[in-house]
Amino acid sequence: SKSKESQRDNEIPKRVKALEDWLMKTGVRLTQVNGQRKYGGPPPGWTGPPPGSGSEVFISDIPRDLYEDYLIPLFQSVGQLYEFRLMMNFSGQNRGFAYAKYGDSAVAASAIRQLHRFRLPSGTLLVVRRSTDKRQLLLGDLPHSLVREELLDILNGLSDGVQAVTIRTMQVGTLGDKKTSALVQYSSHHAASMAKKEVMQVFKKRYGTPITVKWMCFSRPEEDVQKERPVAQTTPKMNPRPPPPSFFLSSRFQPHPVPCPAAQSFPRAVGSPLVCLHKQGVDLPKDCAVGQSPAVGGPQRNADLLLRRLCETCNLGEPLYSWRFCSAGLDGFVCFAYHVSIPGLPAPVRGLVQVLPGAPGHSLEQELRRSIAERVLQTLADA
């Protein structure tokens, strides 16, 4: 392990030299401030307004000797970057994570789909998730005598962007002890971050007492989420049909729950069902080759159609979809449990699937049907 560490240390000067050469060749300018190295914000030639909420992605598992000469072109291959921030330490290595901001949330969602678990030259798989846009700070253990105007004066001296301040004093326990806290809303994550780094020291110096500072993230109440849970199903045709082909009744075919996937892990290799359709003379969509998933390398839009054609050709009946909401992650992915009944099969196909709402040109129901159909096709292909 020591030899590997020594080899890695020897590689750092080469990587730094490669970065410097790239900066000279491209004319890209990087600025380093507060432990991060930043490109853009805005970049040269940017004419539009700053991007809105949801346009930034969080990148982790970055090798410590990988720099902007590789990362910026990689993330720019998805769409124009508004800003790229690589977190740095004092030794000149990166800290293993970065943020990439695009022009809008649709491009950011595309970056997650395309680059999450992207394999780097070193073999490492990148982790790319939706960035949590934190703009609220909760200040605790404040002096009881503190008034809103006094707090505003302190906060405005630390950073711009204070939008709202709410102070609340609560009684704690039965002895009449009181605790004062404040919720501070900022216009941007950057403004809130700047204040968070300094506010504890300012209060300790000014009032001689320590305070606590925490991020606050708000989400919609559970009852609001439940109202939006999609429940979709189709009615299967009840016409009599001959027994299904023998390969579906193989003892190897045992429908079983699929473990909840990593955020991007949509199936990409569906073989047997497509081969079955091809051999039986069924026309496949133009963007779907035999033995591979629909539109490899692009949006997989035909999985639902392929599953229906497969069931129709093999006289299995129309697939009946149903799903229910399970959970939503901070990265924007939503997890659903699905149940697909195909009348000609001995058992339904069940499992879990994660989707990223907001795909351009797709509703949540379309994205769910596509992802579920891919998993059912994969299950049948593995039978």
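Analyst: Welcome! Let's start with one term: a residue is buried when its relative accessible area is under 20%, exposed when over 50%, and partly exposed in between (1.4 Å probe, protein chains only). This is a predicted model, in which local features need pLDDT of at least 70 and side-chain atom pairs pLDDT 80 or more, while totals for chains, interfaces and linings use all residues. Residues are numbered from 1 along each chain as its sequence is written, and side-chain values use heavy atoms, leaving out hydrogens and water.

User: How many helices and strands does the protein have, and what percentage of its residues count as buried?

Analyst: Helices (H or I, at least four residues) and strands (E, at least two) are DSSP runs numbered from the N terminus. Here there are 9 helices and 13 strands. The protein has 383 residues, and 41% of them count as buried. A contact means heavy atoms within 4.5 Å. Among contacts with a separation of 6 or more, 65% join residues 24 or more positions apart.

User: Which residues have the most contacts inside the largest nonpolar core?

Analyst: Such a core is a set of buried Ala, Val, Leu, Ile, Met, Phe, Trp, Tyr and Cys residues joined through side-chain atoms within 4.5 Å. The largest one has 32 residues, and I59, F75, F84 and Y102 have the most contacts inside it. Two or more residues each come from α1 (2-26), β3 (56-60), α2 (68-76), β4 (81-88), β5 (94-102) and α3 (105-115). Helix α3 gives the largest share, 5 residues. Beyond neighbours within four places in sequence, the contacts of Y102 include P51, F75, L81, V107 and A111. Another core lies apart from this one; its 25 residues include L306, I342, V349 and A373.

User: What covers the buried residues of α3, and which residue caps its N-terminal end?

Analyst: Some background on helices: an α-helix has 3.6 residues a turn, so residues three or four places apart point the same way. In α3 the buried residues are A108, A109, S110, A111, I112 and L115. Their cover includes β3, α2, β5 and β6 (127-130). D104 caps the N-terminal end, with a side-chain oxygen 3.0 Å from the backbone nitrogen of A106. Just after the helix, R117 takes a positive phi of about 65°.

User: Is L19 buried or exposed, and which residues does it touch?

Analyst: L19 sits in helix α1. With a relative accessible area of 6%, L19 is buried. Not counting residues up to four places away in sequence, L19 touches L30, R37, Y67, E68 and D69. The C-alpha atoms of L19 and D69 are 5.3 Å apart, although 50 residues separate the two along the chain.

User: How many disulfides are there?

Analyst: The rule asks for two cysteine sulfur atoms within 2.5 Å, and the count is 0. The cysteine sulfur nearest to that of C311 belongs to C314, 7.6 Å away. C311 is buried at 0% relative accessible area, and C314 is buried at 3%.

User: How many aromatic pairs are found?

Analyst: Rings of Phe, Tyr and Trp (its six-membered ring) pair when their centres lie within 6.5 Å; planes under 30 degrees apart are stacked, over 60 edge-to-face, and the rest tilted. The whole structure holds 7 pairs. F97 and Y99 are edge-to-face, at 6.3 Å and 85°, and F58, F97 and Y99 form one aromatic cluster. F325 and F336 are also edge-to-face, because their centres are 6.0 Å apart and their planes at 80°. F325 lies in β11 (residues 320-328) and F336 in β12 (residues 334-341), so this pair ties together parts 11 residues apart in sequence. Both F325 and F336 are buried.

Note on methods. Polar contact = N/O pair within 3.5 Å; in protein donor to acceptor, adjacent residues only side chain to side chain.
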